[in-house]
Amino acid sequence: MAAKIISVIAYIVLSPILGGLLNGVDRKISARMQRRRGPSVFQPIYDIIKLLKKETVIVNMVQTTYILTFLILNIVSGALVFAGADLLLVLVTLTTSNIFLILAAASANSAFSHLGAQREIMQMLCYEPMVLITAVGFYIAKGSFSVGEIFASDTMPAICTIPGVFIAFLFILTIKLRKHPFDLSTSHHAHQELVKGITTELSGKLFAAVEIAHWYETIMLLAIIALFFVNSNPLSYLLAGGAVIICYFIEILIDNTNARFKADKMLKYSWAVTIVFGGVNILILDVFG
């Protein structure tokens with residue numbers, strides 16, 4: 001119990017720092033890929049500090065409530081992972097948090113904000129089936145939805161049993177991390193027509209809260225990636241750490257080598273990958289496992 005409490009506290013305290021630095025590394029690598037020097041790896045943290053000092057323009061009070069709920073539920077979903085809780089509960093909490101971000105955008109009067117909210121809903125339709133299949137895959141591979149039991153299992157790592165699920169999860173991770181070619185709702189790159197999409201009407205502390213929530217979410221999603229590789233063997237932690245680094249680099253590479261897709265292509269490709277890799281992997285395990 002003490003170890004779980006320490007893990008949760010460490011996640012809550014360190015995730016904004018690690019998430020900010022990870023975002024800074026992302027910017028630096030992206031700049032190098034584009035033959036630019038790029039900003040300091042600490043620049044995202046500097047940006048958040050600046051936002052916290054700026055005046056916050058309140059569009060309406062209900063939007064403030066939605067954004068704070070979005071942040072809190074993101075923190076809770078990650079805390080549940082590090083507490084070893086039920087994976088289904090983790091994913092439901094994460095999905096619920098995203099709904100509050102959509103409600104915040106829909107509560108504003110901006111056409112860009114509304115369009116961003118609509119596209120965010122489309123993105124959820126694309127990745128939610130695979131999120132559920134991931135949880136089912138862990139249950140079939142490890143016999144439990146409990147993150148703690150999966151982590152402490154003495155059987156082979158889940159990646160050996162559900163590689164198709166892993167590939168499909170890595171695919172939809174591009175949507176969750178808001179990378180090209182699936183960055184449709186928030187305009188990750190400045191040249192897009194959406195301005196800032198779902199976050200257009202956010203400023204100051206509210207915009208900082210959204211960015212911090214995304215950092216919490218990134219750490220939590222990378223923890224799920226690690227979950228594919230860990231078991232009771234301490235050496236598996238090194239394997240999981242290496243896998244996380246490689247997977248995040250792949251996401252950065254994809255982001256910098258692909259143009260943005262239209263929403264219909266995102267839906268078609270994500271569901272195809274979900275069915276072909278995730279669905280078939282689950283079917284094979286159910287029939288022959």
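Biologist: Why is Arg35 called exposed?

Modeller: Arg35 has a relative accessible area of 82%. Exposed means over 50%, buried under 20%, and partly exposed in between, with a 1.4 Å probe and protein chains only. The value of 82% is over the exposed cut-off, so Arg35 counts as exposed.

Biologist: What are these values computed on?

Modeller: This is a predicted model, in which local features need pLDDT of at least 70, side-chain atom pairs count only at pLDDT 80 or more, and totals for chains, interfaces and linings use all residues. Residues are numbered from 1 along each chain as its sequence is written, and side-chain values use heavy atoms, with hydrogens and water left out.

Biologist: Where is Arg35, and what marks its backbone?

Modeller: Arg35 lies in the loop between H1 and H2. Helices are DSSP runs of H or I with at least four residues, strands are E runs of at least two, and both are numbered from the N terminus. Arg35 is not a glycine, yet its phi is positive, about 60 degrees.

Biologist: Which side of the cut-offs does Arg178 fall on, buried or exposed?

Modeller: Arg178 has 8% relative accessibility, so it counts as buried. Its phi is also positive, near 60 degrees, in a residue other than glycine. Arg178 is found in the loop between H7 and H8.

Biologist: Why is His180 called buried?

Modeller: His180 has a relative accessibility of 5%, and therefore counts as buried. His180 sits in the loop between helix H7 (163-176) and H8. Pro181 lies in that loop between H7 and H8 as well.

Biologist: What is the omega of the peptide bond that joins His180 and Pro181?

Modeller: Omega is about 10 degrees, and the bond is cis.

Biologist: What makes Ile250 partly exposed?

Modeller: Its relative accessibility is 31%, so Ile250 counts as partly exposed. Ile250 is found in helix H9 (residues 235-257). From Ile250 to Ile212 it is 38 residues along the chain and 23 Å between C-alpha atoms.

Biologist: Why do you say that the buried residues of H2 line one face?

Modeller: Pro44, Ile48 and Leu51 are the buried residues in helix H2 (residues 43-53). Seen down the axis of H2, they fall within an arc of 60 degrees, so they line one face of the helix. The arc is taken over the directions from the helix axis to the C-beta atoms. An α-helix has 3.6 residues a turn, so residues three or four places apart point the same way.

Biologist: What do the buried residues of H2 pack against?

Modeller: They pack against helix H1 (2-33) and helix H8 (204-227). Contact here means heavy atoms within 4.5 Å.

Biologist: What makes a set of residues a nonpolar core?

Modeller: The members are buried Ala, Val, Leu, Ile, Met, Phe, Trp, Tyr and Cys residues, joined through side-chain atoms within 4.5 Å. The largest such core has 79 residues, and Phe138, Ile225 and Phe228 have the most contacts inside it. H8 gives the largest share of this core, 18 residues.

Biologist: Which residues does Phe228 touch?

Modeller: Residues up to four places away in sequence are not counted. Phe228 then touches, among them, Phe138, Pro157, Ile162, Phe166 and Phe169.

Biologist: What makes a space a cavity, and what a pocket?

Modeller: Both are sets of points on a 1 Å grid over the protein atoms alone. In a cavity, a 1.4 Å probe fits but cannot get out. A pocket is an open set with protein on both sides within 12 Å along at least five of seven lines. Lining residues have an atom within 4 Å of a point. Points are joined across faces, edges and corners, and a volume is the space filled by probe spheres set on them.

Biologist: How many cavities of 30 Å³ or more does the rule give?

Modeller: The count comes to 2.

Biologist: What lines the largest cavity?

Modeller: Its lining residues are Asn98, Glu120, Gln123, Tyr127, Ile175, Lys176, Arg178 and Glu217. Helix H5 gives the most, with 3 residues.

Biologist: By class, how does the lining of the largest cavity divide?

Modeller: It has 2 nonpolar, 2 polar and 4 charged residues. Ala, Val, Leu, Ile, Met, Phe, Trp, Tyr, Cys and Pro count as nonpolar, Asp, Glu, Lys and Arg as charged, and the others, Gly among them, as polar.
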